[in-house]
Structure formats: C-alpha cells, structure tokens
Amino acid sequence: MRTAERARELPESGIRKFFELAEARDDVISLGVGEPDFSAPWAARNAAIGGLERGRTSYTANRGTAELREAIATRHEGYDQSYDPGEEVLVTTGASEAVDLAFRTLVDPGDTVAIHEPSYISYAPGVELAGGEPLSVPTRAADDFALTPECLEAAGAGETDLLVLCYPNNPTGATMTDAQLAEVAAFCREHDLRVVADEIYSALTYGADHASIATQPGMRERTVVVNGFSKAYAMTGLRLGYALGPADAIDAMNRIHQYTMLSAPTTAQIAALEALRSCDDEVREMVEEYNRRRRLVVSRFNAMGLDTFEPGGAFYAFPECGGDDEAFAEELLEAEGVAVVPGSVFGAGGEGHLRVSYATSMRELKEATDRIARFLEERD
Amino acid sequence: MEAEREVLDVLARNAREDIEDIAAQTGLDADAVEAAIASLEADGVVHGYQAVVDWDRTEDGKIRALVEINVELDRETGYEQVADRIAKFPAVDALHLVSGDYDFAVEVLGGSMDDVSRFISEQVAPMPEVTQTVTHYIMETYKDGGVRFADGDDDDRLSVSP
C-alpha cells in the first residue's frame, strides 16, 4: 500500500538493531531496558482490578477523572508547583502522548525546536511529525551532560521557537540543579523560547530532589511540564501520563486529545489514583534499591577503567567506552552476551558512551559487570 | 548511624553480600562497612544470618506449627520468665508475646507432626503457668522472610527498549 511521505521519511530507531541482536540470543543479560524491573505496587494493581470488577470500563472526561487531576495537582503542590486541576492538568495515554500533543500544539510548520542531545529518541520524530524542524543541541561529557547556555548558544538555539528539556535524563542519568536551570531559564526568557519539560524521571533522583524549570521566574507561563506514572510507579504498560501548563496550552492540547484519544485508559487512571494515594513507601523502597545498584554499577565501571560520571537520576549510567560505541556494544554482546545501548543512538554527544540501565536485579548487575570487566581484559 | 542503617538495608535484603559490594552499594569504604557491621552485632541489632528456606522443597522436609499459648502469671512469674523457659527448647524457632486472645505466639519446627505434637503435649502444656495451647500446623508457606515462595520470576520486558 502506498504510505504517506512523512511516515516513509521517519528513520528507523537505532535501538531496533540492538533489540534484534539481543533477541536472537537466549543467554543475554540485558542492561538495555528502558523501564523498571519492578511491577507496579500491588495496591495500584489491586485498585485497577477492583475497577474492572465494578464495571468501570467506560470513557472518562477527556481531561481525565476529576479525582485524578485533583490528586496530581496536590502532588505537584508538594514540589512548589501550582496548577488548577480544572484547567491546567491533562491526563494522557502515557507521557508519550503528552509530548506528542505538546509538539502538535506548540509547533507551527517551519518552527525549529531545540533538543539537547543525547536524549530520548522520540523527540525529533515527534517534532517532524508536527511539521517542525529539530535542532540538535549537543551537551558535553565535561558538564556531566547538563544543558548550559554555552551549549545552547553554540548550536544556535537562540533562533529556535521551542526547547525540549529532559532531566533527569534518558540516556545519561544526568540531572540539573536549580542554579543550572536558572541559567537555561534566563536563556529562554532572553530568546523568547517556550519549553516542553519532560520530567518523567522526576521521582527517581538520588541525593538531591528534582528541580523543575517551570518553577524558575517567568517560566511557568512558557512551559508545558510532562510527567507520568510509568517510571516512578513502575507501571509503563498501563500507559498513563499527564501534562501541566498554562490553561490556554492545556486547552489546545485537550482539543487534539479529544479527537485522537478521547480519554486515557480508565483502568490505568484508577490505578494511578491509588498509586498517588497509597504507594509512596513502595516508591521510596524502589528508589533506595535503584540507588544501591547505581552506586555499585558506577563504582564497578570506574574500577574497570570505563570513566563514568555520577548520574543523579533515572536508572541509567553512561560510561565512556571511547571510540566506536556501536562496535563496542556489538562485540560485547557477541563475546559476553551482555546487551547495552550505544550512546550514539541517542544523538550528538552520545558517541563513545554506552547507556547502561540498572533497572535489573543486583545479581544480574554483578554478573553483567563481571562479564564486561572480562571483555575489557580479553580485548586488551 | 546513617551508615549502619544503609548497611542494614543491604544485609536485610541479602546477608551474603560481601564487604566490597556493600561498600559499593552504600558509598562507604570497606572499613566503614566492617565497623558498621561490628557495631550492629555488638548492639544486638543483628543477631545472626540465616537462609530463607522452603523446607517443603527439602528431601526430608520439616513440619512447622504456629502454637498459641495462654499463661497465668503470679507474683513471682512474669512473661519474661515464662518466655525464657519456652525459648530454651531448640524446637522453638520463634517466640513472640502478642496482643489479643492469647499471650504467646510460638513457631515450632519439628521432623514430623508427631514430633511437634509430642513436644507441645509433653514439654509445653505441663508447664505450671500454661493454661491452654492451640496448635496450627502449617500446610503451605507462600511467603517467608519477605520472600515469595513461587516459581517463575519471568522478566517479560523487551530485552532492549528506549
């Protein structure tokens, strides 16, 4: 069948190749997984089952149930963010839908959108589907992959219309402090940039609490914050996210959402409400376990000579393997059956690095890092 | 104290972690981990290290029972004294003073139902303070020590995902 040009022109994701290589073997320990290894807290799953039992299988309001929007707004008050649940919150089918809606709402044909890289692989295609042109803004290992005004300046981001910001970052695990965000916010105000802030990993930070650019002076009115339940509550498959922003932006996003999605999955909304109400202890335990794994993995990589900065969030470490990261990852998979994702898949600045997910049991992490150490020894 | 808590969190999940790995996971150095463990042991926070065993899967098995015990105290005898006497039996795996309808909840481990019955009727019931015992044999254990006893911890996630 003839397909549309815009679909044909979308590049294949670089992750696909590694997925196929890894799937072809059955002895693989995968450090290539971008989702939690935990299951959603039982209370949330149980609430979802209860909803099904009571026959709650119809649509909800387009923007999501009133209770869930209320609970989301209350949660964000705890982060010094104030959003009106009636007009400034939109519940979506995964954070992915919220990102897509934000692009379709904020990008006019011909607009350019600055995307710091390395970053999650969906932003550039999302911008292109919305008719915009992505502009790559490489971040630097020397800055631990934080976005700086210098990086923005060097890439010519001052001329763009929108900035996509994702911290804690996939794939690097990098986080940004309030002070660092203040500099980016100043750049955005000076060049009149709006921001889509994908904060899906905000609950997974180690040491310092998450900082949002939307709390910087003058930024709330020019920022759409995207978040969701997938990473914090380990419920990726339930597909539930949300967007927070000024009423006019959320209203416009909801206009698209009502035609394309109608409402986010009802069962998932029920689970999410329970997650917000009663599952914070479990999130805390998951974060503590991620933190132990993070420390183990980072210390082991540094000990074996793969320089790794200390990632402040998400569940990724980003060791430097030097040279051709794709070849390194392929050889590692071939020789030792350990799957990692080459950093260059995530765009400019990722080359010479590997994305290592520590959303895997401690036992497997130990085995995998032992194998990587052996691979390095035998390669020399 | 923070260090001890971090070390304890690791040990409570896996008491077989070696010192180097505990150090890596907690961000402490190996000496600090050793010191924390020594002080946890000295302070009676950590009393020992045991495997979580599903006895039903062993060849000769073991029978476990939960036993409710009611006691009558007098001027000379308190819960502490009764507990001390019951705890001395090696068959007693765990002993708790509880609120509710009875006084002590006892976990008894024996080679057979007969062993456990005889232990209760011949050793525990005749104690002068004991007024009543109710024995519940454990038919099946689904979770113990925080560990779910079940097959299949299948990871059905895609092996590589964005």
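Helix 11 (residues 280-303) and helix 13 (residues 362-379) of chain A pack with their axes 11 Å apart, at an angle of about 5°. Helices here are DSSP runs of H or I with at least four residues, strands are runs of E with at least two, and both are numbered from the N terminus. Axes are lines fitted to C-alpha atoms, for helices over the stretch in contact, and angles run from 0 to 180 degrees between N-to-C directions. Helix 11 of chain A is therefore roughly parallel to helix 13 of chain A, a label for angles under 35 degrees.

Which residues make the contact? Helix 11 of chain A gives A:Arg293, A:Leu296, A:Val297 and A:Arg300, and helix 13 of chain A gives A:Met362, A:Leu365 and A:Thr369. Contact means C-beta atoms, placed from the backbone, within 7 Å.

A word on the source. This is a predicted model, where local features need pLDDT of at least 70 and side-chain atom pairs count only at pLDDT 80 or more, while totals for chains, interfaces and linings use all residues. Residues are numbered from 1 along each chain as its sequence is written, and chains are lettered from A and ligands numbered from 1 in the order written.

Now the sheet. Seven strands of chain A form an open, mixed sheet in the order 2-8-7-6-5-3-4; two strands pair if DSSP finds at least two bridges between them. At the edges are strand 2 (89-92) and strand 4 (133-138) of chain A, each pairing on one side only. From one strand to the next, the twist averages 20°.

Strand 7 (residues 223-228) and strand 8 (residues 241-244) of chain A pair in the antiparallel sense over four bridges. A:Val225 has A:Leu244 as its bridge partner in strand 8 of chain A.

Conventions
Parallel < 35°, antiparallel > 145°, perpendicular 65-115°, else oblique. Contact = placed C-beta atoms within 7 Å.
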